[in-house]
Each structure stands twice: as structure tokens, then as C-alpha cells.
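Work through the exercises below with the model open beside you. Try each task before reading its solution.

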Amino acid sequence: MITTGLFEQDVPFVKRLDLDKCPAGKISRFWVRIVSSGMGQPILVPVLVAKGHSPGPVLGITAAIHGNELNGVPVVQKVFQFIDIKTLSGTLVGIPVVNVPGFLMNQRFFNDGNDLNRLMPGTPNGNMSQVYAHRILDRLIKPCHYLLDVHTASFGRVNSYYIRADMNNPITARMAELQNAEIIVNNAGGDGTLRSAASALGIHSITVEAGDPHKFQRGMIRSAITGALNVMRHLDMIHDPIVPPEEPAIRCGRSYWMYTDYGGVLEVFPRITDRVEKGEKIAIVRNMFGDIKRTYYAPESGIVVGRSVNPINQTGSRIIHLGIEE
Ligand SMILES: [Zn+2]
């Protein structure tokens, strides 16, 4: 372990997370060296570890694996500020920014244009983003027993506060319910995501979708903090009562995006969490002269989980994310 005075508060550099070396009853901070830049300088991922005096599970909270999905950053920071380290059981691991190059570039993707959350578990001998993905999983995520991966919508889109989880698994189903989300979408994974790769390692994982990209939204942040603390309460890591939801979550057995098949200016009518009826008009596309060229209708009744807010619509752009209620 190397300590340097050049970095804030003498946060040590390490190569991987070693929970055995973290002192109990203390919150530790690390810069974990994952890869090096073309200057040979380390690309460092910030990590917090709160290790309780009493034994218990290891819960990980990750944010900004898509570098412009920022609501999760204060979620991680504030959960660490909330907990009382003296009475904590088990260990909390927080990674406020997973995709450091993307975060610095204000973008979703890694700096080679790849989506880290589509190429998990990565590979030890692949290209830059594959190696980065592999080492994130291997060096930081592996010690966890449970994982909350916090996301938001992508550029040009907005999301409800919703959860993607395997609802056929009772453990991840319970983790999803504890988030007090507006919507829970059943989704088994298997798609190159951090959630899927962590699940394949036996880590109980869910995806928390908290709002919109490129901003801090207080309500979303507060909700996701409550969700994370609720999981800690459920796991008996902290010892106050679980906060129940104000409204029960709307459960969707499946969901999918609708896409345009014609380019032009897109206007989407329903709002987030609106219910749409089968056959209801949901969007139009106009050409640049103002004529309506396409009208889109809901193929079945459902709830709007997410939607486009970007009028500039190339053929094949997303319209709405439609959840089909159970
Ligand atoms: Zn994301």
C-alpha cells in the first residue's frame, strides 16, 4: 500500500480491494488502480469501505458505470455519511464512480466508445474496456455478497424510479421490493451487465434506475438512499426499522422499448408512470416541413417506465419503455 500526500486526505493507492486488511469500526477510503493511461499514469477508482465490528454480509453499491449517470454518486456518498460505524454489522463497499474515464468525459461510454455495462464480465486479455470491466469485477465487486448497481436513463431519455431484478429469485425480489420504487420490472439479466456478471458469481444483484442523466435530482437520490438503507436494515447490518413504501410498486412481468421506423422530429405524449391503453396514440414523427409522417400507438396496455425527451429522431430511435403489468 502506497500513501501519497499529493491526493486528498492521504487516501492510499491500492491494486485491489482487500477487505481483510480494512480495519473494523472504521470507514476506509481507497484509490484503486485499475488500468493505466497512455501516459502510464494510473486510472484510479474511488472506493469507500465501512467495516463493522460485528460480522455480517458485504453489500456493494456501485454508481456511474455509465459515466454520465450521476444520481448514484451522492447516493453512495450519503449512505456512508448516514451509517453509524460503531453499530454497523458486516461491511459496506461503495464505488461512487465505476467508469472513471467516461465520467471525466461527461459520457455514458468508456473512453474507447464501448459500453462497460454490455461487456461484463470482461476479459483479462482483451481491449481496454474489456480489461477494465474484468478488473472492476475481479478487484472490486468479487468480495460482495449483495450488490445495488445504480443507474439513470441515457442522454435524451428520462426514467421513472424503477428496479430491474430477477423477481423469480426470492432474494433479489426482496431487495427490489425494499427500494420503494415506483415500478419493478422482472428481468432475468444475461446481457453483459454488471448485474448479470455479479449474479453469475453468486452475488445477489439488482439494478436501481434512478431518474435522468447528467444531473442531481434530490427526490431520486433520497429514494435510492432509502432503498440502500432498507437493504442494510433487512440484512441486519443496521438496526433501525425498514421504511415502508408510500405506494406499493407497480410490478411488470416484462417490458420493452418501442422504436421509430422513420426519421424526423419526434413528439411523445404520455409522461413517466402514465398508464397507456392498447391502441392509444403515444407519439408522432413530423418531417421538417411540419407534416405528420408517422403515428405510433401502444401495441398493448401498459405503464410508461421511461421515455424519449429528445425530439431529434433518427430512424430507429427509442420512443417509450413500456412495462406490461403482471
Ligand atoms: Zn446506466
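**Exercise 1. Find how far apart the C-alpha centres of domain 1 and domain 2 lie.**

Solution. Start with the bounds, which come from an automatic or database domain assignment. Domain 1 covers 8-234 and domain 2 covers 255-325. Their C-alpha centres are 31 Å apart. Next, take the contact between them (heavy atoms within 4.5 Å). Domain 1 gives ten residues to the contact, and domain 2 gives 14 residues.

A note on the source: this is a predicted model, in which local features need pLDDT of at least 70 and side-chain atom pairs count only at pLDDT 80 or more, while totals for chains, interfaces and linings use all residues. Residues are numbered from 1 along each chain as its sequence is written, and side-chain values use heavy atoms, with hydrogens and water left out.

**Exercise 2. Identify the donors of the zinc ion and classify the site.**

Solution. Step one: list the donors, meaning N, O and S atoms within 2.8 Å of the metal (3.2 Å for Na, K and Ca); water is not among the atoms, so sites may look incomplete. His66 (ND1), Glu69 (OE), Glu69 (OE) and His151 (ND1) coordinate the zinc ion at 2.0 to 2.5 Å.

Step two: check the angles. The four donor atoms give angles of 56 to 152°, and the site is irregular.

Step three: read the spacing. The donor residues follow H-x2-E-x81-H. Histidine 66 sits in the loop between β4 and α1 and histidine 151 in strand β6, so the pair ties together parts 85 residues apart in sequence. Helices (H or I, at least four residues) and strands (E, at least two) are DSSP runs, numbered from the N terminus.

Step four: check burial (under 20% relative accessible area is buried, over 50% exposed, partly exposed in between; 1.4 Å probe, protein chains only). Both histidine 66 and histidine 151 are buried.

**Exercise 3. Is leucine 70 buried or exposed?**

Solution. First place leucine 70: the loop between β4 and α1. Its relative accessibility is 19%, so leucine 70 counts as buried. Leaving out residues up to four places away in sequence, leucine 70 touches Phe103, Thr152, His214, Lys215 and Phe216.

**Exercise 4. Which strands pair with β18?**

Solution. Pairing requires that DSSP finds at least two bridges between two strands. Strand β11 (residues 250-259) pairs antiparallel with β18 over six bridges. Here tyrosine 259 stands opposite arginine 318. Strand β16 (residues 302-308) also pairs antiparallel with β18, over four bridges. There glycine 306 faces histidine 321. Finally, check cover: six of the eight residues of β18 (residues 318-325) are buried.

Key:
Four donors count as tetrahedral if all angles lie between 85 and 135 degrees; four count as square planar and six as octahedral if opposite donors are over 155 degrees apart and all others between 65 and 115; anything else is irregular.
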